[in-house]
Amino acid sequence: DTLVYLGLGSNLSSPRQQLESALSALKPLSTDQQIDCSSFYLSRPLGPQDQNDFVNAVAAFRTFLAPLDLLDQLQTIELQQGRVRKEHRWGPRTLDLDILLFGDKAIDLPRLKVPHYHMMQRNFVILPLFELAPNLVFPDGQNIAQVVATLPQDGIEKLN
Ligand SMILES: CC1(C)Nc2nc(N)[nH]c(=O)c2N=C1O
């Protein structure tokens, strides 16, 4: 099995509950029914500002699923929780589940890029990831503490 890290995000329809139910929906995908999750973070929207703040977190678990099968399962969970595909690319959404890391693999497929293409510039991804895996080394050899040092710490707060 492979250790995977997912980014969770929501800014519609009770975001904290969206993330809580996503964590329950993820359990059957894990080898040992064990999902580790960071704290939830409230963050200003990256992109159009005329939308609600996001609640973000990072979850980690082990899975036997192949990358594209995991992606299919994540998209099913997003749809089950009311995501409508017509949403504007950078607009509000009920639930985003992004594969950030899939073991130490680098994946470059039309449907899936891993490590997640934008994650290094996003404090709402890197800070929860750092909380969960402070000694993480990315496939390109960077360690996460170095990436944290490059990021602005404003516009984000840890929720209790
Ligand atoms: C719309 C866009 C780019 N902005 C975001 N902004 C924040 N803060 N968190 C997100 O998860 C997020 N997701 C997105 O897809």
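**Loop serines, pockets and ligand surroundings**

Serine 14 is found in the loop between strand 1 and helix 1. Helices (H or I, at least four residues) and strands (E, at least two) are DSSP runs, numbered from the N terminus. The model is predicted: local features need pLDDT of at least 70, side-chain atom pairs count only at pLDDT 80 or more, and totals for chains, interfaces and linings use all residues. Residues are numbered from 1 along each chain as its sequence is written, and side-chain values use heavy atoms, with hydrogens and water left out.

Serine 14 has a positive phi, near 60 degrees, and is not a glycine. Serine 13 also has a positive phi, of about 50 degrees. Serine 13 sits in the loop between strand 1 (2-10) and helix 1 (15-26). Most residues other than glycine have a negative phi, and most peptide bonds are trans. Serine 14 has a relative accessible area of 40%, so it is partly exposed. Serine 13 counts as partly exposed because its relative accessibility is 47%. Here buried means under 20% relative accessible area, exposed over 50%, and partly exposed in between (1.4 Å probe, protein chains only).

A cis peptide bond joins valine 114 and proline 115. Its omega is about 0 degrees. Proline 115 lies in the loop between strand 7 (113-114) and helix 3 (123-132).

Aspartate 72 belongs to helix 2. With a relative accessible area of 33%, aspartate 72 is partly exposed. Aspartate 72 and phenylalanine 61 are 11 residues apart in sequence. In space they are 17 Å apart, C-alpha to C-alpha.

Pockets were computed next. On a 1 Å grid over the protein atoms alone, a pocket is an open set of points with protein on both sides within 12 Å along at least five of seven lines, whereas a cavity is a set of points where a 1.4 Å probe fits but cannot get out. Lining residues have an atom within 4 Å of a point. Grid points are joined across faces, edges and corners, and a volume is the space filled by probe spheres set on the points.

The largest pocket holds about 950 Å³ of space. Its lining has 36 residues, of which Arg93, Asp96, Asp98, His116 and Arg122 lie nearest its centre. Strand 1, strand 4 (54-63), helix 2 (67-80), strand 5 (96-102) and helix 3 each give two or more residues to this lining. Strand 5 gives the largest share, 5 residues. By class, the lining of the largest pocket has 14 nonpolar, 10 polar and 12 charged residues. Ala, Val, Leu, Ile, Met, Phe, Trp, Tyr, Cys and Pro count as nonpolar, Asp, Glu, Lys and Arg as charged, and the others, Gly among them, as polar.

The second largest pocket has a volume of about 170 Å³. Its lining residues include Ser43, Arg44, Gln121, Asp154 and Gly155. This lining divides into 3 nonpolar, 5 polar and 3 charged residues.

The residues around the ligand (a heavy atom within 4 Å of it) include Pro45, Leu46, Phe54, Trp90, Arg122 and Phe124. Polar contacts are pairs of N or O atoms within 3.5 Å. A backbone N or O atom of arginine 44 lies 2.9 Å from a ligand nitrogen. A polar side-chain atom of asparagine 56 lies 2.8 Å from a ligand oxygen. An N or O atom in the side chain of arginine 93 is 3.5 Å from an oxygen atom of the ligand. The protein covers 94% of the 360 Å² of accessible area that the ligand has on its own (Shrake-Rupley method, 1.4 Å probe).

Notes. Polar contact = N/O pair within 3.5 Å; in protein donor to acceptor, adjacent residues only side chain to side chain.
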